[in-house]
Amino acid sequence: MSSQNFANTTTDKAFQVCINPDCGRQFSIGEVIFSCPSCGSLLDVEYDWDRLAVPGSMEFFEHRWSSKGLKAEGRLDFSGVWRFRELLPFAPHDQIVTIGEGRTLLEECNPLAREIGMKPGRLFLQYEGLNPSGSFKDNGMTAAFTLARMLGRKRVACASTGNTSASLAMFAHKTDPPMQGIVFIGSGKIAYGKLSQALDYGALTLQIEGDFDACLRRVRQVSDRLGIYLMNSVNPYRLEGQKAIMYRVLEAMNWQVPDWIIVPGGNLGNCSAFGKAFRELKQLGLVNRVPRLAVINAHGANTLYHVYERDGVRWNGGRYDQNKVKALYAAMDEAHFLPHTVASAIEIARPVNLPKALRALDVMNGVVREVTDEDILEHKALVGKYGFGCEPASAASVTGLRQLIREGVVSPDERVVCILTGHELKDPDATVMYHTGINMKAVQPPPAVPPTGRCANPPRKVADDLQAICAALGEKLPD
Ligand SMILES: *Cc1c(COP(=O)(O)O)cnc(C)c1O
Ligand SMILES: [Zn+2]
């Protein structure tokens, strides 16, 4: 265990706390541990808000829009995370690592709203695919890299279904001085767009024989033994950065709190961060109410759904029924269960942030749903048809929304924000396969299977002939 003294910075007002209310042990922010040595629970980053300058209202942050720039604080104002630095005050400002993360958009999407049964003006898409590395992960990496830099670490590592490694690899080489990025990928699915990023940005990439959960176990062991800083979302600083996604949603909605936030659930870091963001905003009097949360699992990786909706496990002030979770994991082991979904970013069976997700569901009066791969792909195509597009896991949010409308849980005139977690181009194979039936990943492509999706839009074969081309466009060649 290493610890470092950050006295005389804002950081003496920040600390880590065990989330188990029966333990509650505290640690300094520089202590590198990812679970409580006493009880094994996850840790939170917490603040001594009374001794910190907290803005009186969210409007405070607007003055930073005019000070964007390359110099000093302007550099931080340009970040969609550090623009809100008073709400994650653990780092001295000159230590902050930023690459311009979080300059993302919230967009009203009426054609999609109509298609899935929402009233106009009620459905909003938060495009986290617009981050530098193409997914929301950059929001968390900026915070975790800041801590790695404060600690003087030279090497950082993660296990990844793809986007964490892409983000880590990008931050590692852009940090000053650069760090070595190390990425553990499983032998299961990884979308080529994401793998190509890790390789292109120069990360040392290790392919382990095993699934994501196996990779995560290994990278935790290796990091611990070799003093490499761990960047998975078990790292509580990641979640501090990801709170900013909610700040930006509020900002884009003129500080009006929406009725619902809908987000795909994989390792459950994102939904946990959202819950923490709103718990703190409420506590600080910066919002007067909290939106509801819907976390969407893929059917083939539905641990949270199972635990929360089928087994009825609740946060219960931190004393949730751990035996039910253990029993589920034991049954999965017994059946040699491996998670399976086209939405590779959420193909995770043992989500490390499960307890924090239960807490977020409690804070935000949440629900959990599971959706099928087929439905995910249909809704991904709709987002592509009416919006900027997204990768399969992201579309789980819209898929879940449609289901919740059908059930009457979400009403068509509520204001709903779906988080689109990753960029369309992360996984072009899934898109091409959907629209054409051609599996681009196969070494020897088998004959195309005719696509069956309702929005399938395959390219059409046309002869190299002007007349034929005009005919394909429904036109006649003018004389
Ligand atoms: C990581 C990721 C998720 C899952 O987020 P968690 O915080 O692990 O629940 C969903 N979608 C995309 C695109 C991701 O990269
Ligand atoms: Zn503890």
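A polar contact is a pair of N or O atoms within 3.5 Å. The exercises below apply to a predicted model.

**Exercise 1.** Determine which residues make backbone polar contacts with oxygen atoms of ligand 1, and how much of the ligand the protein buries.

Solution.
- Start with the surroundings: 16 residues lie around ligand 1, and Lys-137, Asn-163, Gly-266, Asn-267 and Thr-421 are the closest.
- Sort this shell by class: 8 residues are polar, 6 nonpolar and 2 charged.
- Check Gly-266: a polar backbone atom is 2.8 Å from an oxygen atom of ligand 1, within the 3.5 Å cut-off.
- Check Asn-267: a backbone N or O atom is 2.8 Å from a ligand oxygen.
- Check Gly-269: the corresponding distance is 3.1 Å.
- Take the area next: ligand 1 alone exposes 380 Å², of which the protein buries 97%.
- Finally, locate the ligand: the space that ligand 1 takes is the largest cavity.

**Exercise 2.** Identify the donors of the zinc ion (ligand 2) and assign the geometry of the site.

Solution.
- List the donors: the SG atoms of Cys-18, Cys-23, Cys-36 and Cys-39 coordinate the zinc ion at 2.3 Å.
- Write their spacing in sequence: C-x4-C-x12-C-x2-C.
- Inspect the angles: the 4 donor atoms give 94 to 118°.
- Apply the criterion: four donors count as tetrahedral if all angles lie between 85 and 135 degrees, so the zinc site is tetrahedral.
- For reference, the ideal angle for four tetrahedral donors is 109.5 degrees.

Technical notes. Residues are numbered from 1 along each chain as its sequence is written. Chains are lettered from A and ligands numbered from 1 in the order in which they are written. This is a predicted model: local features need pLDDT of at least 70, side-chain atom pairs count only at pLDDT 80 or more; totals for chains, interfaces and linings use all residues. Side-chain values use heavy atoms; hydrogens and water are left out. A residue is near a molecule or strand if one of its heavy atoms lies within 4 Å of it. A polar contact is a pair of N or O atoms within 3.5 Å; within protein, one must be able to donate a hydrogen and the other to accept it, and residues adjacent in sequence count only if both atoms are side-chain atoms. Accessible areas come from the Shrake-Rupley method with a 1.4 Å probe; for residues, only the protein chains shown count as cover. On a 1 Å grid over the protein atoms alone, a cavity is a set of points where a 1.4 Å probe fits but cannot get out, and a pocket is an open set with protein on both sides within 12 Å along at least five of seven lines; lining residues have an atom within 4 Å of a point. A molecule sits in a cavity or pocket if more than half of its atoms lie within 2 Å of its grid points. Ala, Val, Leu, Ile, Met, Phe, Trp, Tyr, Cys and Pro count as nonpolar, Asp, Glu, Lys and Arg as charged, and the others, Gly among them, as polar. Donors are N, O and S atoms within 2.8 Å of the metal (3.2 Å for Na, K and Ca); water is not among the atoms, so sites may look incomplete. Four donors count as tetrahedral if all angles lie between 85 and 135 degrees; four count as square planar and six as octahedral if opposite donors are over 155 degrees apart and all others between 65 and 115; anything else is irregular.
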